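Please read it beside the sequence and the structure.

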Amino acid sequence: MKKLPIAAKTAIKLLISTAIVFILFYVFLPPINPMSTGFWVFIAAAAAIYLVPFGLSGIFVVQQRPNGSAKIEFSRNRKTKQTIMICAVLLPILVIIAGSIFSSTFFNAKKYANVITVTEADFATDMPETESVTDIALMDTDSAVIIGNRALGSLSDVVSQFVASSYYTQINYQGYPKKLANLEYDGFFKWLGNKKDGVPGYIMVDPVHNTAEYKSLSEPLKYVNSAYFGEDLYRKLRFSYPTKIFGTVAFELNEEGKPYFIVSCMEPQVGLFGAYDVSEVIIFDPSDGSSELYSVGEVPRWIDIVFDGYLASEKYDWQGTLSGGFWNSIIGNKGCKQTTDDFGYLIRDDDVWYYTGVTSVTNDASNIGFIVSNARTGEYKYYPVVGAEEYSAMGAAEGEVQEKGYKASFPSLVNISGEATYIMVLKDDSSLVKLYALVNVEQYSLVATGETQAQAINAYRKMLSQNGVISGDIEDSNSTSITVQEIEKLVIDGDSWWYILGDDGIYYRVNIAENESALFIRTGDKIKIFYAETENQKIRSMISWEKE
């Protein structure tokens, strides 16, 4: 058989290697950017792929022994093309190692600490007193997923082909907190069968009222994370922006209800690979694949998530631990402080803010303050409020209803009657919200719970008054006088409930285990009831009562 010319062999090798390198890029989608470690890993892999067909034959030589056996030895000719190609593979790895070392906190502690500026603020001034919590997303993602899946499960034609994304974006929509998750294809074959029509909608969860609804779209989504080939969201983004280092991708709505993916683009602030922070934002339309690129300071006001909560906490930790230098962060810890390992959400000034406590690195049993960070602008505020850290407060709330086995979500912070107060939800084993709880930050033994936020807040105010934390009694605005018409006795989830019908036509419900004095109420009694509103206008929650 006639041998191929060397030029033809070389061309074939180049084509095969190039095809493999392209497939590698197509699958892993690294940014073509020297400030990304992924880029240098890709370069090393590409060099190795070209090395295999072009260079292996010259790296090792076969030496014939006198007895006729063969011995394989490494070629000592450093000028061969194979040695050069090995260096081509090692060079990117050396860049990663050297770049990581010289971008580390060891050499750049002060630069890390100065990535953000934190302003100290007054809690009472910045946090107005709360009558009802409508601006805090108390529901966590686990609960949102369950409620969202239930809303989707009622739509048989949709649930058979699609699933809700497990990543819920916290947004401020028309002045209220909402959690959003777009639908995703339920596997490759579901994508094949539905790609022509696209993804038909998304799930919107109300984290204040614990409800969810499916929203259909007039323009279905074409580019999502579960699509394949050219319709894969990240692949579309990578080929549109080959040099960008992508960070968080958040599903959001503009004020007209049109969906977009908001993509944060990262750049190192220290050295080659250190202190990555958001520098630009891509607004991507998943319906038609169009997009716009903005600098951080120019993003439209309706966008909520530019900086994610984990990045916001990490940047504060850089400042809190490294302001005194690297060695102080390791040995002395003088003045070092850090965030707790989770965060909550606040809606303020039409923006989403992250909340998390701040504790000393040498003693995490209590907080020395807390920070809030704007998810759109990256602004930080620090409030020096000393008290129990969040997990102690969560434990106190769980202990209040320990017989039920409920688990507390990570809390947020509110101002109740001038007192810094943790507010959270208590969930059952199915992650469904059962109760609301409030815990005093400075005295975390003061705990109040309720079926509704209003009931919990009123019970908490009463507790503050009874313990002398605040002066005055419960305001009469949440009280009324009635004549008892009848009493309905029900058992719900193992608890005894009385529904007391007043002559005003409204039922006042009370958990007998939590308020045993209600056992003395009889039909025909004239009583004064302190109550909290519920979502049902015909039912109110009784907080306390007294005979008239």
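## Surroundings of D277

Leaving aside neighbours within four places in sequence, D277 is in contact (heavy atoms within 4.5 Å) with V115, C265, M266, E267, Q269, F307, L311 and K315. The model is predicted, so local features need pLDDT of at least 70 and side-chain atom pairs count only at pLDDT 80 or more, while totals for chains, interfaces and linings use all residues. Residues are numbered from 1 along each chain as its sequence is written, and side-chain values use heavy atoms, with hydrogens and water left out.

D277 lies in strand β11 (residues 274-284), strands being DSSP runs of E with at least two residues, numbered from the N terminus. With a relative accessible area of 9%, D277 is buried, a term that means under 20% with a 1.4 Å probe and protein chains only. The side chains of D277 and K315 are joined by a polar contact of 3.0 Å, that is, a pair of N or O atoms within 3.5 Å, of which one must be able to donate a hydrogen and the other to accept it.

## Strand β22

Strand β22 (residues 419-427) is largely enclosed by the rest of the structure, because nine of its nine residues are buried.

| Partner of β22 | Bridges |
|---|---|
| β20 (residues 407-408) | two bridges |
| β21 (residues 412-416) | five bridges |
| β23 (residues 433-440) | seven bridges |

Within these pairings, L426 is the bridge partner of A408, A420 stands opposite N415, and T421 stands opposite N440 in β23.

Technical notes
Helices (H or I, at least four residues) and strands (E, at least two) are DSSP runs, numbered from the N terminus. Buried means under 20% relative accessible area, exposed over 50%, partly exposed in between (1.4 Å probe, protein chains only). Two strands pair if DSSP finds at least two bridges between them.
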